[in-house]
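Trainee: Can we walk through this one together? I'd like to start with the pocket.

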Amino acid sequence: MPILPMPPLAILAAAVTCWLLAALWYTVLFGRAWSGALARAGRPVERPGSSTLVMQLVLTFVGNLFVATAVAWVLQCFGTTGMPVASRLAMVLGVGIAASVLGVAAVWERKPLAVYLIDAGYHILAVLVAALVLMQWRH
């Protein structure tokens, strides 16, 4: 079995797509609701300095690379050849793993429900988007 389950460019494309989705999700779509919910819970989001922001963006991209690689492995292990199966697998991963893990963390970190829903929504959608991008490379 190869080291990577799909071409590196496919995994990179999926990671970049997830990273761009995060930028859109946490700014234009839900930025105010997310930061407002944290502020109401006494945890205001402070604007990071430029070096901190760069580090956050880089680490987010690295995390997206891990997600894209993991999704690629799951699709490969299941021998997924069609979008419907890839979508179902992605939803199982997104809801069953990502949202569940975030939910447990949110309970112990006492995060507001709105923050959890926004975070979980992003991760569910990111896994789905990664699977769909990766499947495009298989055809």
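Predicted model: local features only at pLDDT ≥ 70, side-chain atom pairs only at ≥ 80, totals over all residues.

Trainee: Got it. How does the lining of the largest pocket divide into nonpolar, polar and charged?

Mentor: There are 23 nonpolar residues, 8 polar and 3 charged. A pocket is an open set of points on a 1 Å grid where a 1.4 Å probe fits, with protein on both sides within 12 Å along at least five of seven lines; lining residues have an atom within 4 Å of a point.

Trainee: How much space lies in there?

Mentor: The largest pocket holds about 1,100 Å³, counted as the space filled by probe spheres set on the points.

Trainee: And which residues lie nearest its centre?

Mentor: A22, Y26, W34, T60 and Y122, out of 34 lining residues.

Trainee: Which helix gives the most to that lining?

Mentor: Helix 3, with 11 residues. Helix 3 covers residues 50-77. At least two lining residues each also come from helix 1, helix 2 (31-40), helix 4 (83-109) and helix 5. Helices here are DSSP runs of H or I, at least four residues, numbered from the N terminus.

Trainee: Back to T60. Where is T60 found?

Mentor: In helix 3. T60 also comes to 7.1 Å from W19, C-alpha to C-alpha, while the two are 41 residues apart in sequence.

Trainee: Why is T60 called partly exposed?

Mentor: Because its relative accessible area is 36%. Under 20% is buried, over 50% is exposed, and partly exposed is in between (1.4 Å probe, protein chains only).

Trainee: New topic. How many salt bridges are there in the whole structure?

Mentor: The search finds 1. A salt bridge is a side-chain nitrogen of Lys or Arg within 4 Å of a carboxyl oxygen of Asp or Glu.

Trainee: Which residue pairs with E109 in a salt bridge?

Mentor: K111 does. The closest N and O atoms of E109 and K111 are 3.3 Å apart. Side chains of opposite charge can pair when their charged atoms come close.

Trainee: What relative accessibility do those two have?

Mentor: E109 has 41%, so it counts as partly exposed. K111 is partly exposed as well, at 29%.

Terms used: Residues numbered from 1 in each chain as written. Heavy atoms only, no water. Nonpolar A, V, L, I, M, F, W, Y, C, P; charged D, E, K, R; others polar.
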